Structures are given as structure tokens and as C-alpha cells.
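Okay, everyone, let's get the model up on the screen.

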Amino acid sequence: MSEIPGPPTSMATLLGARRRRLEGRLDRAGVAGDEGWVHYGSGLAVRYESDRAVEAALRIPAGLTCVEAARWAGFRRAMPPLYRVGGCTWPGTSARHRIHRGVVAELAQATGILQFWSATASR
């Protein structure tokens, strides 16, 4: 399989970033949506609280496994997820099934969306 270019910035460093700093790394401004969500094209949406990124949804290339998707998104030290019908989850409660410290994540295979959020964010 040829290498699929990753997202414009590592998702592992996205959470907690200020909007201005993140948009500088993305080299584009976002379009405001509902409930604090900001859309950066069709592949990335970020939810902000008090100008800090607390949640994101990223479109993953088709055909990647859960572990490949996590690594593609920039979570280089992701541990194996818990597999569920239709996808997988990294609950963040155990180091054995953690995508990144302080981060909870889910991948829905049907939509190809990796959604992840700060374990301390309100949802």
C-alpha cells in the first residue's frame, strides 16, 4: 500500500491548542458551525471551548484499520483500541487502550470519522 499523506497537522497536538495558533498551523481560517464547532474543509472539524480545542472529528482514508487510522492521524503511540460493532474506541481509562494521554476517541468504520476529545471536556 502506498503512503497516504496525513492530515495538515498532528491530531495528537491539536487538543488544548488555541484557535489562532491551530489555524496558523493549518494555514487557513475555519468556518463557524453550531455549538462551538469550526469546519476546516470537509475533512476536519474542531470544537472550541474558551478559544481552546477540546474535540475534533477527522475524516480517515478508506481501508485503514483502527490502529492505522490512529497513527495516520498523528497518534504515533496509540495502543490497541477496544473493538465494537462498526468501529473501535479508545476509552482513555486504561493505558492498555489509550490513543493518547488525556484523550478519548472513537472511529466509526461506516463513516470513516475519527472523533476524539479531551477527557476533561464537557460533551
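**Strands, rings and a proline**

So, β4 and β8 pair in the antiparallel sense, with five bridges between them. Before going further: this is a predicted model, where local features need pLDDT of at least 70, side-chain atom pairs count only at pLDDT 80 or more, and totals for chains, interfaces and linings use all residues. Residues are numbered from 1 along each chain as its sequence is written, and side-chain values use heavy atoms, with hydrogens and water left out.

A word on terms: strands (E, at least two residues) and helices (H or I, at least four) are DSSP runs, numbered from the N terminus. Two strands pair if DSSP finds at least two bridges between them.

Back to β8: Leu 114 there is the bridge partner of Leu 58. On β4's other pairing, six bridges join it to strand β3 (residues 44–49), again antiparallel. Those two make a hairpin with two residues between them, and Ser 50 in the turn has a positive phi of about 50°. Glu 49 has Arg 52 in β4 as its bridge partner.

Is β4 enclosed or open? Six of the eight residues of β4 (residues 52–59) are buried, so the strand is largely enclosed by the rest of the structure. Buried means under 20% relative accessible area, exposed over 50%, and partly exposed in between, with a 1.4 Å probe and protein chains only.

Now the rings. Phe, Tyr and Trp rings (for Trp, the six-membered one) pair if their centres lie within 6.5 Å; planes under 30 degrees apart are stacked, over 60 edge-to-face, and the rest tilted. That rule gives one aromatic pair. Phe 75 and Phe 116 sit edge-to-face, 5.2 Å centre to centre with 80° between the planes. Phe 75 is in the loop between α2 (66–72) and β5 (82–84), while Phe 116 is in strand β8 (residues 113–118), 41 residues apart. Phe 75 is buried at 1% relative accessible area, and Phe 116 is buried at 0%.

Next, Pro 7, in the segment before α1 (19–26). Pro 7 is buried too, at 18%. Leaving aside neighbours within four places in sequence, Pro 7 is in contact (heavy atoms within 4.5 Å) with Leu 58, Trp 72 and Ala 73.

Stepping back, the chain has two helices and eight strands, in the order α-β-β-β-β-α-β-β-β-β. Buried residues make up 43% of the 123 residues.
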